[in-house]
Amino acid sequence: MPPSKKDKKAPTAAAVDRIGALPDEILHHLLSFLPAQEAVRTCVLARRWRHLWKFATGLRIVEFEDARSVQDVRKFVDHLLILRGHVGLNTFELELSGFSEDDVPYLNLWTRLAVLCNVRALTLHLYHIEFLCAKLDGLPLVSQHLRTLDLRGVSLQGSFLDFSRCPALEDLKMRHCQIDVDKMSSLSLKRLSIIFCRSALDHRVSVSAPCLVSFTLDSFAGRTPLLESMPTLEIAYVELGRACSDFCHNYINRGFCGANVAPCVNCLGYSDESRNTVLLGAICNAKHLELISPLGMMIFARDLKSCPIFNKLSTLLLNAYWCVGPEFHALTCILKHTPVLEKLTLQLVSEEQVHKVEMKGSYSSTERPTGISEHLKLVSVKYNVVDDRILQLLKFMCTFNIRFSFE
């Protein structure tokens, strides 16, 4: 008998173009994950793909095959941006490892064109063996759509960090950037990260971001930025690196310039500043806080003279900077100004090291706390070896009726 129609074989899966069957909007989104060079190459797949790449919702200009520097991709990117016109962008990512002074006008032009395309997330990552930054123009960004700005290896000047005309901006990350602006300001910013950046200015960079929820300042080279009030802050991480210029020249034997020592140039300059605090006054509303500094840095010691009350702080991490001196003045001061503190971690090893020993302490069940938060439930001390410093610290904590046990 002849085979019935039902017996006819269905087309094999290999013969079905499942990707090509997707709607254009989805293909535009999928193309945004490809390097721009690969996205453009899809134009040869079929007639329908000829112009799809022009409407990709994102552009990724990254290292690809032999193209690793800005100079290698100049011609390609110029043609790419001209051919796609002002089609809207969700993301624009530029990530290359080489550039020269001649490349700077191209970087500025590409950045401005991305903003004109209503980009929401703008990433500029430039890598170089030496600390050489591509100098962006000093004009402020103007965008009603920009929400995320991620910068690496660029030099910022003029009014570039004035985000008063970027009302939707919520995330700003800067890593290995040269920040030579008088003021960084935004009324909408919620998350700010400044990592391994530096400033060549003689005065402090002012940071005004009153709506911040999360703030990170890590290893800033130059004068520590001057923070303005952050009333909505919840999480803050502040680490003063060794490249910070706010150090005491007379720091010897775990002490700063005092009554018996003529103030050094740095300490004398701090006494002339009108602001009560540089850092602590702005971050005093945080609920979770990490404060780390090398010995000899003056900023925290200076700020403690006008130490604010941390009325919301529940978890606090401090490093060895806070645990020196026979009277542990810095540690005592911060503990007496944290009335609702619940967890305290004293990390007496560097971040690069893994602690070998951890001791945990809490209030004695038979004794009331004295002078510090009655809400304190846990004190964790992390270190490598038991020495006189550790013994003195444990003895000091016992004066607050805290008893320790080994883990």
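**Exercise 1. Is Phe 328 buried or exposed, and what is its phi?**

Solution. 
- Start with the surface. Phe 328 has a relative accessible area of 4% in this predicted model.
- Apply the cut-off. Buried means under 20% relative accessible area.
- Conclude: Phe 328 is buried, because its value is 4%.
- Phe 328 sits in the loop between strand E16 (315-319) and H7.
- Turn to the backbone. Phi of Phe 328 is near 50°, which is positive although the residue is not glycine.
- Most residues other than glycine have a negative phi.

**Exercise 2. Which residues does Val 181 contact, leaving aside its neighbours within four places in sequence?**

Solution. 
- Find Val 181. The residue lies in the loop between strand E8 (178-180) and strand E9 (183-185).
- Val 181 is buried, because its relative accessible area is 1%.
- Name the contacts. They are Leu 156, Gln 157, Gly 158, Leu 161, Leu 201 and Val 205.
- Follow one of them. Leu 156 is 25 residues from Val 181 in sequence. In space, the C-alpha to C-alpha distance between Val 181 and Leu 156 is 6.8 Å.

**Exercise 3. Which helix holds Ala 114, and what does Ala 114 touch?**

Solution. 
- Name the helix. Ala 114 is part of helix H4 (residues 104-116).
- Classify the residue. Ala 114 counts as buried, because its relative accessibility is 2%.
- Leave out residues up to four places away in sequence. Ala 114 then touches Phe 92, Val 119 and Leu 122.
- Ala 114 and Gly 58 are 56 residues apart in sequence. Their C-alpha atoms are 10.0 Å apart in space.

**Exercise 4. Which residues form a nonpolar patch on the surface with about 280 Å² of accessible area together?**

Solution. 
- Name the members. Ile 26, Leu 30 and Phe 33 form the patch.
- Pick one of them. Leu 30 is found in helix H1 (residues 24-31).
- Leu 30 has a relative accessible area of 40%, so the residue is partly exposed.

**Exercise 5. How many helices and strands does the chain have, and what percentage of its residues count as buried?**

Solution. 
- Count the elements. The chain has 8 helices and 20 strands.
- Take the buried share. Of its 407 residues, 49% count as buried.
- Take the surface. The accessible surface comes to about 20800 Å². Carbon and sulfur atoms account for 55% of that surface.
- Look at the contacts between residues at least 6 apart in sequence. Of these, 60% join residues at least 24 apart.

Key. Residues are numbered from 1 along each chain as its sequence is written. This is a predicted model: local features need pLDDT of at least 70, side-chain atom pairs count only at pLDDT 80 or more; totals for chains, interfaces and linings use all residues. Side-chain values use heavy atoms; hydrogens and water are left out. Patches are made of residues with over 30% relative accessible area and no salt bridge: like charges are joined within 9 Å, nonpolar side chains (Val, Leu, Ile, Met, Phe, Trp, Tyr) within 5 Å. Accessible areas come from the Shrake-Rupley method with a 1.4 Å probe; for residues, only the protein chains shown count as cover. A salt bridge is a side-chain nitrogen of Lys or Arg within 4 Å of a carboxyl oxygen of Asp or Glu. Helices (H or I, at least four residues) and strands (E, at least two) are DSSP runs, numbered from the N terminus. Buried means under 20% relative accessible area, exposed over 50%, partly exposed in between (1.4 Å probe, protein chains only). Contact means heavy atoms within 4.5 Å.
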